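Please read them beside the coordinates.

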Amino acid sequence: MSEAIRERLRQWHRGWLRRRIPPAQQIRLDHRRIFIIPSKAGAGFLLLLAIMLVGAINYQNSLVYGLTFTLLSLFWVALHHTYRNLAGVQLRATGGRPVFAGEQAPLGLVLSSSRREHQALRLSWPQAGLHTVDVPAGGEQALTLYYPTNHRGWLILERLRVETRFPLGWFQAWSLVDLDWQVLVYPRPVSRPLPRGSAPEGSEHDQDQALVEGVDDFQGLRAYQPGDSRRRLDWRAWSRGQGLHSKIFAEPQQQSLWLDLTSAVGRDLEERLGVMTGWVLALENARRAYGLSLPGQRIEPALGPAHREQCLRALALYGLEPQR
Amino acid sequence: MKDVLSAAQDAIGEVLLGKSQAIKLALACILAKGHLLIEDLPGMGKTTLSQALARVLGMSYQRIQFTSDLLPGDILGTSVFDRNTAQFVFHPGPIFAELVLADEINRATPKSQSALLEAMEEGQVTVDGATRPLPDPFFVIATQNPVSQSGTFALPESQLDRFLMRLSLGYPSEAAEKSLLQGDARRVRLDAIRTVLGREQLCALQALVPQVTASDALIDYILRLVNHTRNSDACAWGLSPRASLGLLAAARAWALLEQRNYVIPEDVQAVLPAVVSHRLRATHDPAGHGGDSLARWLLSEVSPV
Amino acid sequence: MTALIPRNSLAWLLIAQLVVLVPHLPRLPWWIAVLWLGCALWRVQIQRMRWGYPGRLLRVGGLLLIGLAVYVSQGTLIGLDATVMVLLLLFMLKLLEMRSPRDALVVIYLGFFIVATAFLFDQGIPLALYQGFCTLILVAALVGLQQSPARNDPAAALRRAGVMVMQALPLMLVLFLFFPRLAPLWSVNVPGSSARTGLSESMAPADIANLAQSPELAFRVEFDGQVPSASTLYWRAMTLSRFDGRTWSYDQRLEQRTAPPPDTAGAALVYQVVAEPSGRNWLYSLSGSVSSTPQVNRLADDTLRALRPLSGTFAYTATAHSDALLQPEGLSVSERRRELQLPPSGDPRARAWARQLRAEYGSDAQLIQAVLAHFSEQPFYYTLQPSPLGQHANDEFLFDSRRGFCEHYAGAMAFVLRAAGIPARIVTGYQGGELNPRGGYLLVHQFDAHAWVEAWLPGTGWTAFDPTFQVAPTRIERGLEEAMREEGSFLAEAPLSGARYRGVSWLNSLRLSWDDLNYQWQRRVLNFRSEEQLALFRHWLGTADWQRIGVIVLALVFTLMAVQAFFWLRPARRTGTPAQRAWQQLDRRLRPLGLGAQAGEGPRDWQQRIGCALPSQADLLAAFFDCFVAQQYAGGNADAALLRAHLKRLVRNLPRRRSAGLPVKRRLL
């Protein structure tokens, strides 16, 4: 019962925060986004002041009154200073690169200040460590935060808590921001032997397409173009007065491989996707072209970083929402 | 002096019906001393536009049809051995003209492409160790077929960055096409064009562009635009400083065409799609067709004030 | 919190401890300073990771040792002095136990508290300024604690602390003036009631002569109107009626009885006295005075008494009536017995002389005149260095040595009068005073201490007689310094005292200015109590009603807070250039009409769109936007006022509501 109520409250709080501080790539902290209350140290200080005030009354001592009131006014001044230390800070997410599940996702963050200096800002998530940074006046402070990942797909982040107690520690001013980091988490790679090669369909017809310029097999001649290597010039033809020609060589491309979800073995879907991920990485390492076949999705065989990214992305988002 | 600019626009408009915006952008591109890339299907009037421009501005004109077997020498010129003088004599290539139309640039091999683009960038040509300057108002209009067409070599991003603007003429409106069909042949109309602007006048106008006032507020706007592309995840990469320089120069030229001696945000907005669309790529768009929509998105994201 | 204390912060903490301890050191045993040095060194070594934290055994032992040390040095574990000492020791030893920032916080808070306790012992201007400095250092230590650990900039912490303390001052002043001064919630023991220089409750020969060597201030007094001449100012502190043959002493029973005010005849003289702390509760007043200050009693012997001993400076107002008679109605039997009391034996020659005088003169007044004449006619000598007297002190003084200070003359005279059957008593107090021309008030020092005689005469009641005047009229008219000029004994034991160099004019004016400052400090700050507060309210607010004052104060505080908040919490919207603000203002105004600036819209596009919707405002629109564009983009001078004027005119002419003709919002681009 109470657990249900608590969950309800938490949801309400989350919704309220979302309305009040909507997710954005760039957030400037202002009075709508900052909360401020006295800290424990502040409460203790008020207690001290109360004791001092009683002393001032009992001893009828004007100077103790004066000291008490100075400190009380200081408490009030500290409220503003703490608020101002957080207000005006601009937080900007500078993207994070994709990671494999289980790794710490690096999240780029730039804090900038328009006028004031902001000191001792603490950035934290409940799951991740605390960072303390200073932002110089009119300058920027870039840092990378790390967030643990467990599941593939778009990384779901808690709100980042930006807090400060500077300068006197009597107040804590904080904001909870969602900087809308788009971090894709690839499945956790599982190392398994490669599947038996299955030739891509229609490869018979496109035999010539699978040839790339190489050094092995003589392919023919073509008219010389400036810049062609001198060693490949067909000197014999030139001596016969047939003009300058370059020799063309080619090498057959290694057979490409289709990776199919059905051929990946694992306890559950996640493990099978992990196996596929492992294959993609292995093939990319071996410079061997591969294609990806998932239910409802096909990626033609190719090689290279862009292709790798496309395949990993497809694996990461398989069966999930394509956009956050 | 500025009246001649509107006269020039009108004169070209006579030939290329219903394309006043593209004409104005092309003129702005020339005034800002930038080069122009036109991406369109064949037969949309690319050649007409460049010829009309050359005539109106009184520039010498050369056309290079790019093909897959075009060699750099075909563009830059070659040294030929002259038996009489027993010396190599340089025969300048078609690039030694004030206005060069590089047609279907993406049909040529990258080697030939880069020969042209390097000449564009440096304003001079080096053949056989001798450096030869190109004429002073030097303006290249390159056209390319949409990349998806077969048998093309797409220009790499680094080369695209050298064009100040990329335009797309598009189909004419119905009314324009109707009058096109009813009127004289294009060839006849082209011949009818007179030179409106002399070479000296053009140079003077080009010298006027950097003097157009761009206030701090406006430069801040341009910076905000550029920074937005660098910081946003929607763009695969941000705009280069060359792009921001180009944006400012184009906006100044546009302001001049609007007969104003200061730049307002609307000038920037008018030229921005042409200037940045070929330099931007959406993050998840390997083909790179999304530049136009990205430019519009950019304008709506950044407040001009 | 498992964080460590940053180096920066520790440096500030150690400095803060040192400065907080310094004002207490003179009152404490010497080993306290050594102990602090030891603790500080240990803590520094801990920070340098050379030494470890003390173990549990050491800490418990240390606590026990503290208790023992305090008991040994103070003789008790309760009482204010002992408590403060315990606090100080804890404050120092906490250094060795300070692991986390939270411990450091405890040390700083203790520091604030110790700063406050120092005011219980001394409230002078120098100390107040010094404690202000201590507070600043403590705040700097707090800032240092919050700075990010990587930052190594101690001056920045001090700067920030300075700024904050300055900003706190206005509110502090308001609170100081308006916070109601309540009566003590429970009674507390007062520190420093132990020995202080001043009058005592008994007077033996040479007591006052010793006091006359002290340059310390006894009290200051300010008159409403003209300052009377010094020779008429006899400040009565107490009357001494008991005589044991050598010492005159105060009759404690007088304390129990308060007296009704005397009849109010003659001109009234109103004066305010600010008494220095004496640790005793007698006050100083002119003859026939009544006080309007609530904590002051008037006793039967016409002296004023404070309800509690003076631990700090104490201010009171009194009114003296010059012609008031004291007890003219007569003395009761017990009073008469008391005022005539003499030891059964001793001073036979003086008693014989008294009997001779009694036989010679019928009336008491004549007898007294004869005694005074004796002092002026015989070779009496007024000196601070009288010859020591033996068993029959009055006899030896009157007939042999004839060298004495005021207490000798007064004691001898009172003895003779009593022996002659006239009720007489000694009055001790001060006589005269030094005028501070800058402040228009009198300074009365300990060396102004004096003793004289009062005799009860039928018809006039108690009447004062000053035998010293007969011997050394300069003492009464010009003060002790003049009287002792020949002898050169004035303040011989206080060579550094400022009062000794009154001849050096610039030094003297400096001294008097400083004294004036102190006097104002005491009157306006230290003695700002309930009555002063109410008087201030009556003067400035025209009311002393707490309800109305409350309303006024609340209004004042809220105004102050609002002003501060306005400057500090200015919403982010207000940032930007005047042109940007004008743009946003117009945008807010037009949004309800569906004509607000759209995402990424430039000024001319916007103008055109509004113009299409509101053709009648085209001119005003053009005026505003032309001005806007000219200032923002065409390199024109930024004239915010002009832009605002255009905006104002435009906004005033815009329709309030969306009319049917207005277009609905349309996507740009």
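1. Two bridges join β9(A) to strand β12 (residues 184-186) of chain A, and the two strands run antiparallel. Within β12(A), V185(A) is the bridge partner of G153(A). Strands here are DSSP runs of E with at least two residues, helices are runs of H or I with at least four residues, and both are numbered from the N terminus. Two strands count as paired if DSSP finds at least two bridges between them.

2. On the conventions: this is a predicted model, in which local features need pLDDT of at least 70 and side-chain atom pairs count only at pLDDT 80 or more, while totals for chains, interfaces and linings use all residues. Residues are numbered from 1 along each chain as its sequence is written, chains are lettered from A and ligands numbered from 1 in the order in which they are written, and side-chain values use heavy atoms, with hydrogens and water left out.

3. The pairing in point 1 belongs to an open sheet of three strands in chain A, in the order β4-β12-β9, with mixed pairing.

4. P167(A) sits in the loop between β10 (160-164) and β11 (171-177) of chain A. In chain B, K33(B) has a positive phi of about 60° although it is not a glycine; its place is the loop between α2 (20-31) and β1 (36-39) of chain B. Both deserve a look, because most residues other than glycine have a negative phi, and most peptide bonds are trans.

5. Chain B holds a hairpin made of β3(B) and β4(B), with four residues between the strands; A86(B), in the turn, has a positive phi of about 55°. Strand β3 (residues 77-82) and strand β4 (residues 87-92) of chain B run antiparallel and are joined by six bridges. F81(B) has F88(B) as its bridge partner in β4(B).

6. UniProt, in an unreviewed entry, places the feature "transmembrane region" at residues 34-57 and 63-83 of chain A. UniProt positions are given in the numbering used here, feature names are shortened, and annotations may be inferred rather than shown by experiment. Residues 34-57 of chain A are 75% helix and 17% strand, and their end C-alpha atoms lie 38 Å apart. Residues 63-83 of chain A are 100% helix and 0% strand, with end C-alpha atoms 30 Å apart.

7. For chain C, the unreviewed UniProt entry gives the same feature name, "transmembrane region", to residues 28-44, 56-72, 78-96, 103-121, 127-145, 157-179 and 549-569. Among them, residues 56-72 of chain C are 100% helix and 0% strand, with 24 Å between the end C-alpha atoms. Residues 157-179 of chain C are 96% helix and 0% strand, with the end C-alpha atoms 31 Å apart.
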